[in-house]
Amino acid sequence: MTRLEAAIAAHGYATVSDSGRVTINPAVSELRLTAGALAPLLSRVDPDAEDEPDDTPGSRSAAARTIARARWDSGSKPRR
């Protein structure tokens, strides 16, 4: 984002093509898209979080595999 901001500072918000057409600097759009993608990610970060069990989809899958493996090893077969 810093590099995009620097590009905007160096070249301005608008660019002029060789034919004289004025368009928005592509760095402006990229900066907006980057900020939009980064905001939801940063809102999920808890800087005060301690080492607690994960509640992410991947961890639930790992827990489900562990339960399924225990069921399989005990000889219990799933119903069809």
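V45 sits in the loop between α2 (26-43) and α3 (57-73). Helices here are DSSP runs of H or I with at least four residues, strands are E runs of at least two, and both are numbered from the N terminus. V45 counts as exposed because its relative accessibility is 54%. The cut-offs are under 20% relative accessible area for buried, over 50% for exposed, and partly exposed in between (1.4 Å probe, protein chains only).

## Basis of the model

This is a predicted model: local features need pLDDT of at least 70, side-chain atom pairs count only at pLDDT 80 or more, and totals for chains, interfaces and linings use all residues. Residues are numbered from 1 along each chain as its sequence is written, and side-chain values use heavy atoms, with hydrogens and water left out.

## Overall layout

The protein chain has three helices and two strands. From the N terminus, the order is α-β-β-α-α. Of its 80 residues, 6% count as buried.

## Helix α1 and G12

Helix α1 covers residues 2-11 and is hardly covered: one of its 10 residues is buried. G12 follows α1 and has a positive phi, near 85°. It lies in the loop between α1 and β1 (14-16). G12 is partly exposed, because its relative accessible area is 24%.

The C-alpha atoms of G12 and N25 are separated by 7.1 Å. Along the chain, the two residues are 13 residues apart.

## How α1 meets α2

The α1 and α2 axes come within 9 Å and cross at roughly 150°. Therefore α1 is roughly antiparallel to α2.

How values were computed: Axes fitted to C-alpha atoms, helices over the stretch in contact; angles between N-to-C directions. Parallel < 35°, antiparallel > 145°, perpendicular 65-115°, else oblique.
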